[in-house]
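Please keep the sequence and the model in view while reading.

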Amino acid sequence: MKIAVDAMGGDYAPEVTVEGALLAAREFNTHVILVGNKEVIQRELLKHNTKGLPLSVKHASQVIGMGESPSEGLRKKKDSSIRVAFELIKSGEAKGLVSAGNSGAVLATGIYILKKLEGVDRPAIAALLPTLKGVSVLLDGGANVVCKSSHLVQFGIMGNVYARYVLGKQDPKVGLLSNGEEDSKGNDVTRDAHVVLKNSFINYIGYIEGMDVYDGSVDVVVCDGFVGNIILKISEGLVYALGNTFKTEMGNGLRSKLAYLLAKKPLNNIKKRYDYSEYGGAPLLGIDGVCIISHGNSSARAIKNAVQMATRFVSNRVNPHIIEDLKRNQELQKAAKISPIKIWEQIKEKIIHAEEKWKDK
């Protein structure tokens with residue numbers, strides 16, 4: 001199995017991306033294709049012992065910068081490391097891709113080159129969140145700022161597949177994020193999706209609130225990309241703030257140092273659970289291929305774990321399972337597009353109109 005790594009993507013590329021790819025090749029015996037400027041990559045490889053490692057290099061003359069417009073990069077940089085890596089998947093030379101580069105460009109290029117899976121309207125970013133009971137999947141993590149109810153239904157189905165076949169959850173619990181647990185809560189989009197998901201074959205438990213995201217009551221959290229991305233950024237900021245607050249409160253005295261020594265192991269365990277590098281990155285679900293989007297600030301360890309995640313997606317046949325489950329739910333998806341709530345409102349209007357006509361007569 002060959003996995004392409006965008007060697008030029010990320011805040012610390014190519015040093016960190018090359019190192020992470022080599023760690024993956026060494027630890028998992030995965031054949032890694034480093035994509036990017038050949039001369040630059042080979043210069044980095046000279047810093048490491050690569051003897052016997054399953055490794056190859058694919059030249060790409062251009063790089064889409066972190067701050068560049070995704071559409072501009074897609075249109076003008078046809079030999080970018082991101083695009084060349086996706087072309088490797090399209091040709092069958094690679095089975096998956098890992099990139100810590102411009103996430104918007106990765107999303108746009110992935111959809112353009114590989115197209116969407118059969119039955120998918122909107123691909124979504126599926127991020128892993130640590131909970132009191134392990135991890136949960138949140139999607140969408142930022143690919144779709146504005147969503148229809150049918151998109152949320154598809155997110156629920158795709159998240160269910162991820163949790164079942166990659167995370168090993170036997171019967172994943174799926175919840176739709178809203179501003180309350182009652183059926184009357186939410187907006188038109190969430191209420192429509194809620195009606196459809198209740199009749200789906202997945203283990204949908206209903207609405208969940210923000211305070212339920214981290215308690216492990218669900219395995220899959222469904223929301224639009226606007227809300228999902230805010231949740232992810234708030235989570236990162238909170239972990240950072242709590243860590244710094246702890247350091248400040250501990251001080252430099254002898255008692256503080258002794259307390260830290262006693263608490264060091266559990267603190268490290270907590271840090272490990274909330275460290276994004278443990279998970280490697282977030283898969284882009286819904287495209288006809290495997291793509292893991294890593295954090296721009298990724299370490300070599302994060303890249304290594306992202307490569308492992310990509311291999312798990314391929315070996316567990318996640319995409320065929322998504323197509324299969326979407327087909328099983330085809331009629332419900334049609335219902336989501338029709339919008340049950342709007343239909344009921346139309347029926348009520350007709351009833352009221354008929355009653356008024358009858359009264360007039």
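Asp 140 is placed in the loop between β7 (134-139) and α6 (149-165), where helices (H or I, at least four residues) and strands (E, at least two) are DSSP runs, numbered from the N terminus. The peptide bond that leads from Leu 139 to Asp 140 is cis, with omega near 20 degrees. Another cis peptide bond, with omega about 5 degrees, joins Ala 13 and Pro 14, and Pro 14 lies in the loop between β1 and α1.

This is a predicted model, in which local features need pLDDT of at least 70 and side-chain atom pairs count only at pLDDT 80 or more, while totals for chains, interfaces and linings use all residues. Residues are numbered from 1 along each chain as its sequence is written, and side-chain values use heavy atoms, with hydrogens and water left out.

The chain holds 13 helices and twelve strands. Of its 361 residues, 47% count as buried, a term that means under 20% relative accessible area, with exposed over 50% and partly exposed in between (1.4 Å probe, protein chains only).

Seven strands form an open sheet with mixed pairing, in the order β3-β2-β1-β4-β12-β11-β5; two strands pair if DSSP finds at least two bridges between them. At the edges are β3 (55-59) and β5 (124-125), each of which pairs on one side only. Strand β5 is joined by two bridges to β11 (residues 282-285), and these strands run antiparallel; Ile 125 has Leu 284 in β11 as its bridge partner. Ala 282, also in β11, counts as buried because its relative accessibility is 11%. Leaving aside neighbours within four places in sequence, Ala 282 is in contact (heavy atoms within 4.5 Å) with residues including Ile 125 and Ile 292.

The axes of α4 and helix α5 (residues 103-114) come within 10 Å and cross at roughly 35 degrees, where axes are lines fitted to C-alpha atoms, for helices over the stretch in contact, and angles run from 0 to 180 degrees between N-to-C directions. Among the residues that meet there are Ile 82 and Phe 86 in α4 and Val 106 and Ile 113 in α5. Just after α4, Gly 92 takes a positive phi of about 90 degrees.

For helix α1 (residues 15-28), the 14 residues at 1.5 Å a residue should span 20 Å, which agrees with end C-alpha atoms that are 20 Å apart; the expected span is 1.5 Å times one less than the number of residues. The buried residues of α1, including Val 18 and Leu 22, pack against β1, β2, α2 (38-45), β3 and α10 (300-315).
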